[in-house]
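Trainee: Could we go through this model together, one feature at a time, with the criteria behind each term spelled out?

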Amino acid sequence: MESLNQSAIRKAVKQDIYPIPDWLEVGQYAFSTEHQKNVKILGFLGHIANCLVLGETVHIEIEKLSPSTIEVNEFDVSKISDLTYASVATEWQNEIKDIQIFPGHSAKCSTIPADIHPSLKQALLATGINEFYSHQVQAWNELNQGHSICITTPTASGKSNSFIPFAFHQALTKQRTSLFIYPLKALASDQFSKLEKLNQALPYHEQLFIAKCTGDVPLETRKNYFKGVKCPDIIVISPDVLHHLLYHTDKSQLVLLKDFLSRLNLIVCDESHTYISSFGIHFANLLRRLRLATQNCGAKTDISRGGSGSAPVSSSSEVSSEPASAPSTGNLTPNLEKVSNQDMEVLVEEIRWVISTATISNPIELASQLTGLSSNQITLINESGAKSHEKTLLVFNPQNSPNFASTNLISSLLNFDLKGLVFVNSRQTGKHIFSLLSYHHGGYISSVDLFYGSLRSEQRKERIEQLSTGETKILITTNCLEAGIDLPELDFVVLRGFSSLNSFWQRGGRCGRKSPGLIIFIPDSNNHIDYYYATQPQRLLSPVEKVKIQPNYPSILSRHLLCAAAEGGLNSDEVTQYFGEKSDLITAELLKQKQLSWSLGQRLWKRGYPHKYVSLRGIQDETISLIDVKTSKILEEMSLYIAHKECHTGAIYLTASEGKTNVWRCKELDLKQNKAFLELENSSDKRTKPDVQLAVEPLSKLEDPSIVKTAIPNGNLRLIFYWGKVKRQVMGFKELQLVYAPTCINRNCSHYQVPKAEQMTKCPGCGWTLKQRLNTQEIDKFEFQPPLETTIEVPLLRIEVNETLATAITNKVIEIKKVILKTYKDPDDIPHQLSPNFTYEPVHLALHSLCHLLTKTVPLLFLASHQDLSSYTEQRPTNIGTSNRTIAYIFDSVHEGCGTTEALVNDWDSCVEKASLLATNCDCGDMGCPRCLTEIGCPESNDGLSKLLGLWLLEQMASST
């Protein structure tokens, strides 16, 4: 028999009945001093109240409740038509800041176009496509008339079927080829499956040769596509593979590549909104090279072999016939009937472009930058004819512990038997949430899994399949599943954190495709952008951002000019024609540096293989394979720099499989083999944290220095724009022990997140009730000799202050310290956010804080992430000239830059103004917080920051203008 604490029961009987205050009512809200938040009262029993907190019912002593500190919004959940979603909203009502309901609308359909190839029409019917949506008909008509299009209809509106039928039609009627470019391997594989399904529905003798060219396909297989007797009709490709494939344009090894390009009639760039930052600059220049290659191969030639729907004729040219039979390999299709010269009609057409993108504010501008066409040559298709279903958006209040809130919410959604995705902005966040879920479910949770980029192709495919079959109910994913991969019908999407408006609605569009959908936004109160949109949820309905790229960014453009010269070369008059304004000046400099040669025929060419020095995604280093030492199987793959931080020798690395968290120890990082050897760890309560440092080395000035005046007489800053090196060094690591311990959750307290003894209930600093939280304690420390090092070359902005301003900064710190000591009588009571004012050199403190404040403005001024920038503050041995010895650097965080630092330099005054406004309006007061000051990934670990001092320096600059 289970024993009871009879002594406690007897004491309870002797207690006086606790009077229930008048203000405490069932269904209303009260403030819990134990939880430091408003809770909903569900009922009473004796001196205990049954309350709803973060979706869970908890028992709270009535004496620990007080009247609600704020007015709590009550929402009419009856407006939500789906009863299950209404129940979810009711359960979490005390955490909800706002509810938005977006009604659905019926479909606008038309019959399949009459001029489509008859076999293709039957194949469409066989695959369940009985009619076209209105926007698909519009796309067909525009493409059939020889026009290029930009399509921006919502997620799940059938954008792919706006161009797939036309590609098949052109191949069947004219032997014209199509190139489909997808930014993600998983998306390319998904679209390839769609194409194959339609292809299999064609009569056997009319089936097309469709090739997939992504990193998941072996190199030899990709080469064999172009060594047979017939080139592919449609190629599905990633930008990374296209970059290297173009090298073979004029080479004899892949003879059919030139044939494919000469017949090219349709280029599709799907998910074009993802081409931002350096990736967007690289991609725009890759397409410039593609356009040049197609011209060199004579891509305007159109060979018709009968059928309906010919495009308009603009002129004619002579071409020879090409073999029409395909070799019999796994990816190839049955032989096509040969066509004689007498049956051929020679036409000339321009290549059609399809720029498919999520909703952005400047679609035509982006399409023009990518295609090289003027805006009036591109037709915008932005009205969807597809049926849409009602979607409900629940915006949560900012969460101090968003991962814990996400964990509780996921458990709740599982109880409602709902299927969906939880989007996170980093692998670490996803792994943390999964670990918490696993812990809360007894160490095993089979219905939830992780999905992120470093998983192998077969792992990604398997996890999508398990979601489709229902074996997995919820995937916690990074942005890998944001793009248009076809997923099973999903009920909900949880957004753990904000990235951009574009991304927010793209992710939200993954649910509710065939029935109503639920979108839940869980904002992190420590993230400035999350907090902004959570407290002003109506801003989520603002126009989405523009996609701005700088194709002429010199460091990237110069690399692509070298690649173009190695791909068959280019004439001098083609340089500016294809590569934009001032590309001729860059080309002249490359000639001067003997990187290019000029033939007697005035053709520019390049020896060797310059492509190996170009990384489209800004990742310069090689790939490291993570190996299970027991089975020798590859677990995952990652870049060298990430491996230095996460899979160095001795590192703890987490994966998820079969419903549980696997904890691995890296036994060796072998840089000669590019392999990290991992072994399962016996204990699951260990973690490691790398010690990452930077070393910055300016190489050459890009612009003359500029002086920034301040309100301090003769007190100035000097800005110098350099090209330089940034060495990212992993000096060693700390070994940490996970502990569940009482922890202060008041972020303005000096004891914030510091684990306390198990018997403690109150924080000794602020008096708040301590909460059981998962935290870490350092148990060991290791150093690497020599450090693990990777180097990138980037544009650098160096910020210096003269001695007059340095003196003013020092005096301001003295003033700040006096105010702090007056406010906090006991130095031990000074919050840790204010303590750097007493321990750091003043100019270092000012410049480090200034860099952080400026970086925070990037997402508000440019379509870029604040993570596109990094900063570093250092002290030189002595003063140089009139400048203080402490200097700071702001620089692009990707190799060879992405233009963000340059944008900040060019818009310096706006950045200063916006940074001051952002910091002033932040509700953290003088403390500084992740919303306005601290930064994830700060090379200095966010040590040595002062919001008070940084804001003062911003104000001095703003006051001088």
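Trainee: At what angle do helix α21 and helix α27 pack?

Mentor: Before the answer, note that this is a predicted model, in which local features need pLDDT of at least 70, side-chain atom pairs count only at pLDDT 80 or more, and totals for chains, interfaces and linings use all residues. Residues are numbered from 1 along each chain as its sequence is written, and side-chain values use heavy atoms, with hydrogens and water left out. Helices (H or I, at least four residues) and strands (E, at least two) are DSSP runs numbered from the N terminus, while axes are lines fitted to C-alpha atoms, for helices over the stretch in contact, with angles from 0 to 180 degrees between N-to-C directions. With their axes 10 Å apart, α21 (residues 803-823) and α27 (residues 947-959) pack at about 135 degrees.

Trainee: Which orientation class describes α21 and α27?

Mentor: Angles under 35 degrees count as roughly parallel, over 145 as roughly antiparallel, 65 to 115 as roughly perpendicular and the rest as oblique. Since the helices pack at about 135 degrees, α21 and α27 are therefore oblique.

Trainee: How many nonpolar, polar and charged residues does the contact of α21 with α27 have?

Mentor: Contact means heavy atoms within 4.5 Å, and it is made by L805, A808, I809, K812, V813 and I816 of α21 together with L948, L949, W952 and L953 of α27. In this classification Ala, Val, Leu, Ile, Met, Phe, Trp, Tyr, Cys and Pro count as nonpolar, Asp, Glu, Lys and Arg as charged, and the others, Gly among them, as polar. By class, the contact of α21 with α27 has nine nonpolar, no polar and one charged residues.

Trainee: In the open sheet of five strands, what is the average twist from one strand to the next?

Mentor: That sheet has the order β28-β27-β31-β30-β29, with mixed pairing. Its edges are β28 (634-639) and β29 (652-657), each with a single partner strand, so one side of each is left without a neighbour in the sheet. From one strand to the next, the twist averages 35 degrees.

Trainee: Is N714 buried or exposed?

Mentor: N714 is found in the loop between β33 (706-709) and β34 (716-743), and its phi is positive, about 65 degrees, although it is not a glycine. Buried means under 20% relative accessible area, exposed over 50%, and partly exposed in between, with a 1.4 Å probe and protein chains only. At 62% relative accessibility, N714 therefore counts as exposed.

Trainee: What is omega for the cis peptide bond that joins Q785 and P786?

Mentor: Most peptide bonds are trans. P786 is found in strand β35 (residues 771-801), and for the cis bond that joins Q785 and P786, omega is about -5 degrees.

Key. Pairing = 2+ DSSP bridges.
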